Amino acid sequence: MTLVVAFARALLGLLTAFGAGVAMSRAFTGGLTRREKAAWSLSTGLLVQALCLLVLLALRVTPRALNLLCLEAVVAGAVLMFGRRQAGVGVREESLKVSGWVRAFVVGLAVLAVIAWLVFLVGALSDAMWATDFIAFWGYKGKVIFLSSGVPRRLFEDPALYFAHREYPLLVPVSLAALASFVGEWNDQALAILYPACALATLLALSGFLERRVSRLAGAVAAALASLCFFLYRPGNAGTAEVPFALGLVLVCCAAADAMRPEAGTNAANVARLAVAGLFCACLKQEGTLFAFLVAAAMWWSLRRAPARRRRLGVAALVIPPSLHWAALYLLRGNQTRRDFDMTLFEPRRWLDLPPLIALVLGRMLGTEARQSAVALAAIAAYLFMTRRGILDPFIPVFAAQLACYAVAFSVSSFDPMYAVDGAFRRIVMTLFPAFALVLGARVGTFGAAYRVPEWDHQSSEPEAIPDAGESSSLFSRRAGGPHGAGMTGKIRKWIAS
Amino acid sequence: MKWAASLRASKIRTGIAVLSLLVLAVSLAGSFEPAATLARWHHLARTLGGNARPEGEATGFWFDPDYAAFLADVKKRTPANATVAVIVPFRPDLYRYQAYYQLAPRRAVEDRWKDEAAFIATYRTDAGRGPGGTPIVNGQLWTR
């Protein structure tokens, strides 16, 4: 089989997943922008495709393109026939009105993002996937699943596979195996097409979400920034879970930000998006569960004045699917020792060993990684200082807490913590960047704006009267000069905008 | 003139914020490797045109291009459900990982589990000098 044919078949597999995702996500993406719908369709489709493959394997049917295609078509058809479409709450329908130079700038940023994505596309597809993590476990597990037409117990029980992280989630290996079923063979160059697709979906989700919630410029800025993150979108990350995981983190933030809108209420579409995003994240990496839980905590805090039912529902939607996934994985793999971590450090008798280790790790992070990225970190700090609060600001503590958890995890590493920091810290942190670009992009809507703290007021009869700061006071927002621009500040904004 | 002062302050803040974003973007783009990207593009164009390079030249075998041919020969000579002990250099660990990956779905094991293996393949280690093995590409294979 030539490489062109292999690529075409892998693309067919991706399009099949996407098609199933379109049908499935139709129930909860009503009212979102097309770009957001595309991102949700891909993530939902990957989940559906993985599930379909596992069903075929459980039925002892050899997974082939036709089998998977038929099963996914049946699932999509059933959902289309019986599913009910529900629009999310708080979606705006009015057309965007931006000035000429802003439009030109947005187009320029979009072109930049496309070029950066093409660079990643070429890098990812130019060679067979070669990352150590791909060879040692992500790709290895996928190849074993595909070639054995099953999920052999030895993946979880064989002591010889001590290095293969038997406790890791399986969405990446199963997705690779599903695409290989379409290709008809394990072609580790053609399968890499999954990664540019996930990168594209991430950029689409970023730009679509921020365009809807803040402004077109905000979306373009965030997408351009994320696309320039060449340390994440590089050939060495094709084959690992990092690139799909970045998509999952972005989707969790988008879903949570929508669910936290005052007018969102207990809208089923918003709740479903939270559940899908949380599940997608948890199925990709272990820290996906952690991130979903941290976002749930941020939601719980932000909605503290909201009706209790709404708060409970939102948090449950984020917490329950990852928990169920963990339980299912536990049943499949049994109790696995975590070879990466020395858990005895958490026992009371060793508590005193922890502070020096954490200090050592923090020192290393600050002395090497932070120093190397000092310019970027200073730019982020200056940007956050100079701009007003945005709609994604409640998640800033989530990123900080996630980083703190990484620091603790490195501190209790079974191996040399310094080696772990040097080898993995930057790669892991960079997966957070596209989601953090949402926070940065949301603040673009506050340039030159009067400061106003977004506040929940559940007693308000008119939710739109309590808008987010990033929306109401945005120079470049779609509502610039609109009904919220009253008073002197509004006049100034109109004047600047003109 | 309070509003004028506010406007100036606002413009300055916006200017610094835009500058910060620019610095961040440039800093992020610092990892871009134009020459490597161009080389990858040429390579992709060649492989799409049907000129696939030998597996040993793939990036995954950067540590030892000869190793690919050895694994390919072991793969050819052993059944898919076999357990194969691979005795290979300990460093880098990619020797072992590539063996497990390339030989899948065979069960590949390290030296310490060789008693469970039906085949023992050796590559550039002292164990490869023992008698009785069948010479294969860049190594030896024992059948038990």
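Start in chain B: select I87(B), then T122(B), its bridge partner in β3(B). Helices (H or I, at least four residues) and strands (E, at least two) here are DSSP runs, numbered from the N terminus. This is a predicted model, where local features need pLDDT of at least 70, side-chain atom pairs count only at pLDDT 80 or more, and totals for chains, interfaces and linings use all residues. Residues count from 1 along each chain as its sequence is written, chains are lettered from A and ligands numbered from 1 in the order in which they are written, and side-chain values use heavy atoms, leaving out hydrogens and water.

Now show strand β1 (residues 83–87) of chain B beside β3(B): the two pair in the parallel sense over four bridges. Two strands pair if DSSP finds at least two bridges between them.

On to β5 (residues 139–143) of chain B, which pairs with β3(B) in the antiparallel sense, again over four bridges. Click F119(B) and you'll find T143(B) as its bridge partner.

Stay on β3 (residues 119–122) of chain B.

Zoom out to see five strands of chain B in an open, mixed sheet, ordered β2-β1-β3-β5-β4. At the edges, β2 (107–109) and β4 (134–136) of chain B each pair on one side only.

Last stop: select I136(B), which stands opposite G139(B) in β5(B).
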